[in-house]
Amino acid sequence: MSYQGKKNIPKITSDRLLIKGGRIVNDDQSFHADIYMEDGLIKQIGDNLIVPGGVKTIEANGKMVIPGGIDIHTHFQMPYRGTTTVDDFAQGSKAALAGGTTMIVDHVIPEPGSSLLEAYDQWRQWADEKACCDYSLHVDVTHWDDSVKQELDNLIKEKGVNSFQVYMAYKDYYQMSNSELYEVFTFLAERGGIAQIHAENGEIIAKEQGRMLQMGITGPEGHVLSRPEELEAEAVFRAVTIASQTNCPLYVTRVMSKSAADIISQARKKGNVVFGEPITASLGTDGTHYWSKNWAKAASFVTSPPLSPDPTTPDYLNTLLASGDLSVTGSAHCTFSVAQKAIGKDDFTQIPEGVNGVEERMVLIWDKAVTTGKMDENMFVAVTSTNAAKILNLYPRKGRIAVGSDADLVIWDTDAVRTITAKTHNSAAEYNVFEGMELRGAPLVVICQGKIVLEDGNLHVTCGVGRFIPCSPFPDFAYKRIKARKQLAVLRAVPRGMYDGPVSEFSMSRGGTPSASARTSPTKQPVRNLHQSGFSLAGPPTPEDAPIRPPGRRIVVPPGGRSNITSLS
Amino acid sequence: QSFYADVYVEDGIIKQVGENLAVPGGVKVIEANGRMIIPGGIDVNTCLMKSYLGTQPVDDFLQGTKAALAGGTTMIMDHVTPQPGDSLLEAFERWQEAADKKACCDYSLHVDIPQWNENVKDELELLAQDKGINSFQLYMAYKDLYQMTDAQLYEAFSFLKQLGAVVLVHAENGDLIAQEQRKILEMGITGPEGHPLSRPEELEAEAVFRAITLGNRVNCPVYITKVMSKSAADTITQARRKGSVVFGEPITASLATDGSHYWSKNWAKAAAYVTSPPLSPDPTTPDHLHTLLACGDLQVVGSAHCAYSTSQKAIGKEDFTLIPEGTNGVEERMGFVWDKAVAMGKMDENQFVAVTSTNAAKIFNLYPRKGRIAAGSDADIVIWDPDSVKTITAKLQQSAAEYNIFEGLECRGGPALVMSQGRIVYEGGKLQAQQGTGRFLPRKPFPDYAYQRVKCRNQVKSKQGVTRGIYDGPVYDVAPTPKYITPAPSAKTSPTSHQPPPIRNLHQSNFSLSGAQIDDNIPRRSGHRIVAPPGGRSNITSLG
């Protein structure tokens, strides 16, 4: 495929960079060393490196050098009812780089009924034109039929997509039934995909929305009232169950509440392969703002699942992130202007959903988790970058500072203090859900594809340099365990003599048969045939074993009579 | 509490409890010799008339209630199981007629709701208000037959809550079961072991969790029938800890045996264990359930007695999905709870009475008429012998089924004497039950045990909108193509179609200013037209 891999990269061979005196922090260890980069790759790591002359040198002065962040969940330039989100790939990836994130993974959202491949091509085109940093894509599966299966096959094998999101919410739109989820998960498990899930019970939400509107609650507070966190937890629980039945790795996008996070940690404790992704907003703020008197402000917090009104939620999620129960962080950056949000000014169900967060993600986690002592710097690297790379099967190309890895890295300033405000952020949105928060920690220098994009507070980005990074299926991080279990979980029938006792007469006309059983007749199975030939050997009838038969019951006696295998054991 | 006293019974009712009672002459005296006298058991879950593909269980109301009495149970609550499309009322009347003719002990009925539609609502109202039914069962399993969607369950919960009924839920994820069944049949597994393999306990736990979530949303008491696995029981425990009003009912089978028998080489034996949810293959399950029962996390014990003969079970001899589901247990229920919980020291005798009788009477609003020994209560009394030892076998049971799933188990404790409606029906191993003496007990809605908390929460939980300035900034003009975009519910319940609150009217009169919302198709990603209202941007939309 001509789309694959590198394309339209400007000549960057002249880009030779040396970072001296930094402390390299990977997810597993930290050490002092210099880094030499050339052609967008890390070429050497160590002390006293032999480098060509004329190399630009950055003096890190003992500061942390970390792998660039990977924001595993964005919605740039997302179409919504004829408008698009205000941050396109240029604006969005610029904001990402400003926040120390050097790769984003955007969601392709085809309209239900339309082609996944076409939507994928469309997104590729938008992103290739504008993205300032490398990117990958998730594809959302918004409907399910045989043509979708073929397209998925194609996407996995040819197009470099290994993660697919399905929805348990948005009734009559994106929502899938349990049976469909089961089929999708089974399909993905066979082909090495990651099943991402938007977990909320859409059926009950629809009911609750109707109830709220009936009660006259039409403002943004109706959003959170109609989507209580229980419904999120319920759906997570159900998704975990389905994934465990189908032996498919599960990835829960947007973990917004304590109870949903608890379900994920419980499932992990039971051994399920499940990953949870809290987002910047759920880690940094809470849902009390839905009750703001300022409609526009309240509406800017609208996202699904909603932010929890419980103000202790962010702290709790940061703790679980630190302990490893939640694995990765995204931003779910999906910004609408106030005018766009106002589509739902008379009806909260019409408010476009999405919050900002791509720029604030790394800083916020540093402030809430690392400076508070919950998390160490290595774990910080794991949850902001390395784990994402592992899930997407991009490790160690991304998510690690090592020889041969991409030269995406960040020199992190642990002491900087900044106040978040919409006036200075790089997003085009009028509101910032983190408005007024004072956050410690910031990227000092950001290097993307071996080029300095942020230095001394100045951002130098070039639109269109972002490359699509194809992800291959069966990432070890998720599939090693799955494969081992597949071998263990083989079910076997009990070889037993055929029952040849009397059978009551029954009528199928009552419609009492579960539909599944009617379709598959067991006589087709070879293993059964062996049995059936053997069963004539079963002994002669033993009348004294005949059970007490209730009177008046008609019994069909087979020609061979009752054999002893039906007697009491 | 337990205390020593004499009990005087007349006309089927306990008249006096105390010492040195003044009683008329000629009274038959039973010497209890210090043995325990307990309220007769109430078996909250039996299916004595649940037809399956046109065949009836071998234990009808006569056989079933005889077995109940022999085990110390003096009241049963049977499930009326109409087929989808049947009238609930007619089904109820059929059950009542059959039971009135045959039952040997008092009984009451649950009605199962096989499908949800408008007609059902009227019938439910009638049943709840005139017929004395306060408990209805809903199914989350049996896809394409009884199963309801989450939205239907939500409606049913809301409706039943208004009636003050207890919502019984058969909790298993039917969608996934159907998928698993197909998969397992395709693998060539057609015997009874396919039954537990296709219904793993996870699916039970998942459905329990979902049912509880629904119950919380609607603020309605939820009663989980047939708690068969550890994980389902744990889910209930956790929910109770969080304050949900939820009750759990383990059954005799889940308390006394396990699902390892599904792998028996004897087909007929394996098939005898088939019930849904299935018995857990984990042999530590009964013990765990007893512990939860003892500490109050599970409240009542049923039997789910639904006995089919081997030849009936053999309907599914080539396909486990066709095996009629049901196990015995009405006779063994009290004995096993005593043996496994009281005799083991997990539970005291008072809790024993609570889980076998009193809690059931409370949940279903029969207390203190049933479930208590007090002046004025019904004379359903059992003298319990904690020392008797009996080996369970199909040869000695009252049930007509050929198999007893507890075959060979030794059971300490049993009734020495059973009195139903003031008559001795079982004494010294002899049963003297009289057909047709059982009365139907109507039950009132809104049992305090379940609804007191719910009522308080109703008052606390009322929600209010935020009064705020009306947004009058610019609004994007969107193509109102509800084909995909609008979630259907919001399309259905547009605020204009309801009685809008006064403040809303002000809005709506303003709203026409913002111009044609019903507009032509705007091509995607074209320039966005912004409709600016005449007043321009007001300061309420500014940053703040």
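The second largest pocket holds about 1,200 Å³ of space. A pocket here is an open set of points on a 1 Å grid over the protein atoms alone, with protein on both sides within 12 Å along at least five of seven lines, and lining residues have an atom within 4 Å of a point. Grid points are joined across faces, edges and corners, and a volume is the space filled by probe spheres set on the points.

This is a predicted model, in which local features need pLDDT of at least 70 and side-chain atom pairs count only at pLDDT 80 or more, while totals for chains, interfaces and linings use all residues. Residues are numbered from 1 along each chain as its sequence is written, chains are lettered from A and ligands numbered from 1 in the order in which they are written, and side-chain values use heavy atoms, with hydrogens and water left out.

**Second largest pocket**

- Its lining comprises 48 residues, and A:Ser244, A:Gln245, A:Thr246, B:Glu180 and B:Lys183 lie nearest the centre.
- Two or more lining residues come from each of helix H4 (178-191), helix H7 (229-246) and helix H15 (476-488) of chain A, and from each of helix H5 (174-186), helix H6 (194-198) and helix H7 (201-218) of chain B.
- Helices (H or I, at least four residues) and strands (E, at least two) are DSSP runs numbered from the N terminus.
- The lining of the second largest pocket has 25 nonpolar, nine polar and 14 charged residues.
- In these classes, Ala, Val, Leu, Ile, Met, Phe, Trp, Tyr, Cys and Pro count as nonpolar, Asp, Glu, Lys and Arg as charged, and the others, Gly among them, as polar.

**Largest pocket**

- The largest pocket contains about 1,500 Å³ of space.
- Of the 44 residues that line the largest pocket, B:Ala5, B:Asp6, B:Val7, B:Ile37 and B:Ile373 lie nearest its centre.
- In chain B, strand S1 (6-10), strand S3 (36-39), helix H14 (349-363), strand S11 (381-391) and strand S12 (410-420) each give two or more residues to this lining.
- H14(B) gives the most, with seven residues.
- By class, the lining of the largest pocket has 27 nonpolar, 10 polar and seven charged residues.

**Cavities**

- A cavity is a set of grid points where a 1.4 Å probe fits but cannot get out.
- Nine cavities of 30 Å³ or more are present in the structure.
- The largest cavity has a volume of about 120 Å³.
- Sixteen residues line the largest cavity, with B:Ala272, B:Tyr308, B:Lys313, B:Ala401 and B:Tyr403 nearest its centre.
- Helix H10 (267-272) and helix H12 (310-313) of chain B are the elements that give two or more residues to that lining, and H10(B) gives the most, with three.
- Nine nonpolar, five polar and two charged residues make up the lining of the largest cavity.
- The second largest cavity has a volume of about 100 Å³.
- Residues lining the second largest cavity include A:Ser300, A:Phe336, A:Lys341, A:Asn356, A:Glu430 and A:Tyr431.
- That lining divides into six nonpolar, four polar and two charged residues.

**Chain A**

- Chain A has 17 helices and 20 strands.
- Among contacts (heavy atoms within 4.5 Å) in chain A with a separation of 6 or more, 77% are between residues 24 or more positions apart.
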